[in-house]
Amino acid sequence: MIQFDSQRLIIRDYSETDIDAFHKLFTDDEVMYWMPEVKTHSLDESKKFLYESIAESQFEGRTKFFFALVLKETGHYMGEIGFSVTINCEEGRVVNLGYFIFPQYWGKGYVTEAVNILMDYAFLYLDVIKIESGCISSNVGSLKVMEKVGMTRESYLVKHMYYNDVLNDRVDYRMLKEEWLAIRTKEDI
């Protein structure tokens, strides 16, 4: 089982005991506002997603790394963070990063802290050479996270995603391993 601890957070693989909080997160309209394609509509659907994450965590050739995000002080489940491998080649892996947490935890730096932890893990231990992420341009909270962790805006796609009955612009960000190393070197000085 993978687990990372910081001063404020625990990031860990899921377990079956997470089902109630997981289901609450994945059915919450406010949390899933920007991610309607992953919203679940029944307990059975939530269980299916959770059990897939648990099964993947036990697979030696793991390509999906979805983790429970827990507030260390209270032990409360805050949300999910993780990434999927989209390219696996001789040069290394490219992964796509995503995150969502309950509204009471928004704006407190938790996701930024968690993303930094996962970037360290991906670049140091998983042969990742590029982390990608993106969102609809009006998702200001997610944009702030990507910018705070030092990701570089790679593209701005106009009228690219059909969402809420309207074509929306999409912004894509990236972090290359060499960019991450440069940031880490500056922080260590």
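User: What makes the radius of gyration of the chain agree with that of a compact globule?

Analyst: The radius of gyration is taken over C-alpha atoms, and the globule rule is 2.2 Å times the number of residues to the power 0.38. For 189 residues the rule gives a value near 16 Å, and the chain has 16 Å, so the two agree. Along the principal axes, the C-alpha atoms fill a box of roughly 45 × 40 × 35 Å. This is a predicted model, in which local features need pLDDT of at least 70 and side-chain atom pairs count only at pLDDT 80 or more, while totals for chains, interfaces and linings use all residues. Residues are numbered from 1 along each chain as its sequence is written, and side-chain values use heavy atoms, with hydrogens and water left out.

User: Which confidence values does the chain have, and which elements score lowest and highest?

Analyst: The predictor's confidence in each residue is the pLDDT, on a scale from 0 to 100. The chain averages 95, and 98% of the residues score at least 70.

User: Why is β2 called largely enclosed?

Analyst: A residue is buried under 20% relative accessible area, exposed over 50%, and partly exposed in between (1.4 Å probe, protein chains only). In β2, 5 of the 5 residues are buried, so the rest of the structure largely encloses this strand. Strand β3 is mostly covered, with 6 of its 8 residues buried. Over the 189 residues of the chain, 45% count as buried.

User: How do you know that β2 is paired with β1 and β3?

Analyst: Two strands pair if DSSP finds at least two bridges between them. Strand β1 (residues 3–5) and β2 have 3 bridges in the antiparallel sense, and 5 bridges join β2 to β3, also antiparallel. Ile-10 of β2 is the bridge partner of Asp-5, and the partner of Ile-10 in β3 is Val-70. Asp-13 stands opposite Phe-67 of β3.

User: Which strand forms a hairpin with β3, and what is found in the turn?

Analyst: That strand is β4, and 5 residues lie between the two; in the turn, Gly-75 has a positive phi of about 80°. Strand β4 (residues 77–89) pairs with β3 over 7 bridges, in the antiparallel sense. Leu-69 stands opposite Gly-79 in β4.

User: How do you know that the length of α2 is close to the expected one?

Analyst: The expected span of a helix is 1.5 Å times one less than its number of residues. Helix α2 (residues 43–57) has 15 residues and reaches 21 Å from its first C-alpha to its last, close to the expected 21 Å.

User: Why are the buried residues of α2 said to line one face?

Analyst: The buried residues are Ser-46, Leu-50, Ser-53, Ile-54 and Glu-56. Seen down the helix axis, they fall within an arc of 165°, so they line one face of α2. The arc is that of the directions from the helix axis to the C-beta atoms. The face turned away from this buried side carries the exposed residues Asp-44 and Lys-48. What covers the buried residues of α2 includes α1 (19–27) and β3 (64–71).

User: Why is Ser-137 called partly exposed, and which residues does it touch?

Analyst: Ser-137 has 24% relative accessibility, and therefore counts as partly exposed. Its place is the loop between β6 (128–136) and α4 (140–148). Contact means heavy atoms within 4.5 Å. Not counting residues up to four places away in sequence, Ser-137 touches Leu-143, Tyr-156, Asp-169, Arg-170 and Val-171.

Methods
Helix = DSSP H or I, 4+ residues; strand = E, 2+ residues; numbered from the N terminus.
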